[in-house]
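Work through the exercises below with the sequence and the model open. Each task is followed by its solution.

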Amino acid sequence: AIGEALADNGVLTSLNVGGNRIGATGATAIAEALRVNGVLTTLDISYNKIGDKGAKAIGGALAVNGVLKSIDFRANGLGEEGETVIRDAVSGREGFKLDM
C-alpha cells in the first residue's frame with residue numbers, strides 16, 4: 001500500500017516509516033516506488049529489520065533515483081553485503097546524507 005502511494009506521489013518530499021517492521025518485503029515495495037518517484041528527498045526507514053535482501057532492493061532503486069538526498073538506514077540488521085550495497089549506491093552523490 002505505501003509503495004503504491006509513494007509511486008503515485010507528486011507532493012510528499014519526506015517520508016518516515018521508521019520502526020514499522022516493514023522487513024524486506026516492505027523495503028522492496030518502497031524500492032519499486034523510489035524508481036519512479038521524482039519528488040521524495042528524505043526517507044527514514046530506520047528500525048525496520050530490512051536485512052540484506054531489503055538493502056539490495058533499496059540500493060538498486062537509489063542507483064536510478066537522483067532526487068533522494070537523505071536516507072536513515074539505522075538498525076536494520078544489515079550484514080556487510082547490505083551495508084556495501086547501500087554505501088555504493090550513494091557513493092559520489094554530493095551532499096547525500098546517509099545514516100547507518
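**Exercise 1.** Which residue in β3 is the bridge partner of D44?

Solution. The model is predicted: local features need pLDDT of at least 70, side-chain atom pairs count only at pLDDT 80 or more, and totals for chains, interfaces and linings use all residues. Residues are numbered from 1 along each chain as its sequence is written, and side-chain values use heavy atoms, with hydrogens and water left out.
- Strands (E, at least two residues) and helices (H or I, at least four) are DSSP runs numbered from the N terminus.
- β2 (residues 42–44) and β3 (residues 70–72) run parallel and are joined by 3 bridges; two strands pair if DSSP finds at least two bridges between them.
- D72 is the partner of D44.

**Exercise 2.** Describe how α3 packs against α4.

Solution. 
- The angle between α3 (residues 51–64) and α4 (residues 80–90) is about 10°, and their axes are 8 Å apart; axes are lines fitted to C-alpha atoms over the stretch in contact, and angles run from 0 to 180 degrees between N-to-C directions.
- The two helices are therefore roughly parallel, a label for angles under 35 degrees.
- Contact (heavy atoms within 4.5 Å) involves residues including A55, I58 and L62 of α3 and V85, I86 and A89 of α4.

Terms used. Parallel < 35°, antiparallel > 145°, perpendicular 65-115°, else oblique.
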